[in-house]
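Q: Please show me how to read the features of a protein model, step by step.

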Amino acid sequence: MPTLAYKFRAYTDEQTMWELKSQLSLLCEVYNTLRWVDTYFYQRDGKGLGKYELISIALDLRRQDKEYQRVYAKVIVEVGERYYNARQRFFEGLARFPKEKKSHKWLSLTYSQHGWKVLSVRPIRSGKKKLMKLKLSKLGVFNVIVHRNFDFEKVKRITVKLSKSGEVYIIFIL
């Protein structure tokens with residue numbers, strides 16, 4: 001079955017926006033740390049780390065540092081998988097080796113399986129549009145303008161994307 005993605009504009013308050021930018025910066029640090037650790041083990045042992053070892057290191061970072069505990073655990077797991085997939089594409093000859101990321105270019109985070117809750121959905125104006133209140137764990141509440149109908153129970157993951165202009169988009173992946 002093909003994967004469907006619905007992208008909607010979202011609005012939030014200043015505090016949640018600040019927390020989103022802060023968490024994106026922390027996730028960039030986790031990615032760069034995983035890259036450094038993987039490179040170190042490859043140079044030392046001649047073999048890189050596996051997917052679950054990378055995820056374990058990312059979760060250990062979260063356990064040891066209070067700063068990283070502000071980020072939802074599943075989001076940190078997704079960063080480990082993101083680095084692992086980038087490295088695998090390199091080994092398959094499909095891409096270059098993953099570069100160190102700059103925090104101002106890290107613009108998305110993904111909640112897989114759980115970590116979100118739809119608080120309410122109500123129609124706005126007289127059209128088809130709806131206003132959805134979406135709560136993301138350890139991040140905050142977002143007001144999402146939903147302009148297409150889809151089954152909320154079939155959502156497998158949610159990606160929060162911050163555009164360079166500062167607009168927030170919520171992407172529902174079915």
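A: Let us begin with tryptophan 106, which lies in the loop between α3 (73-91) and β2 (108-112). Helices (H or I, at least four residues) and strands (E, at least two) are DSSP runs, numbered from the N terminus. This is a predicted model, in which local features need pLDDT of at least 70 and side-chain atom pairs count only at pLDDT 80 or more, while totals for chains, interfaces and linings use all residues. Residues are numbered from 1 along each chain as its sequence is written, and side-chain values use heavy atoms, with hydrogens and water left out.

Q: Is tryptophan 106 buried or exposed?

A: Buried means under 20% relative accessible area, exposed over 50%, and partly exposed in between (1.4 Å probe, protein chains only). Tryptophan 106 has a relative accessible area of 3%, so it is buried.

Q: Which residues does tryptophan 106 touch, not counting residues up to four places away in sequence?

A: Contact means heavy atoms within 4.5 Å. With that exclusion, tryptophan 106 touches Leu24, Leu27, Cys28, Tyr31, Val79, Arg82 and Lys101.

Q: How is the span of a helix checked, and what does α3 show?

A: The expected span is 1.5 Å times one less than the number of residues. The 19 residues of α3 should span 27 Å, and its end C-alpha atoms are 28 Å apart, which agrees. Helix α1 (residues 14-45) has 32 residues and reaches 46 Å from first C-alpha to last, close to the 46 Å expected.

Q: How do α1 and α3 pack?

A: Two packed helices are described by the angle between their axes and the distance between the axes. Axes are lines fitted to C-alpha atoms, for helices over the stretch in contact, and angles run from 0 to 180 degrees between N-to-C directions. Here α1 and α3 pack at an angle of about 45°, with their axes 10 Å apart. That angle makes α1 oblique to α3; angles under 35 degrees count as roughly parallel, over 145 as roughly antiparallel, 65 to 115 as roughly perpendicular and the rest as oblique.

Q: Which residues of α1 and α3 meet?

A: In α1 they are Leu27, Val30, Tyr31, Leu34, Arg35 and Asp38, and in α3 they are Val75, Ile76, Val79, Gly80, Arg82, Tyr83, Ala86 and Arg87. By class, this contact of α1 with α3 has nine nonpolar, one polar and four charged residues. Ala, Val, Leu, Ile, Met, Phe, Trp, Tyr, Cys and Pro count as nonpolar, Asp, Glu, Lys and Arg as charged, and the others, Gly among them, as polar.

Q: At what angle do the axes of α2 (residues 51-64) and α3 cross?

A: The axes of α2 and α3 cross at roughly 140° and come within 9 Å. The contact of α2 with α3 has nine nonpolar, one polar and four charged residues.

Q: What covers the buried residues of α3?

A: The cover includes α1, α2, β2 and β6 (157-162). Among the buried residues of α3 are Val75, Glu78 and Arg87.
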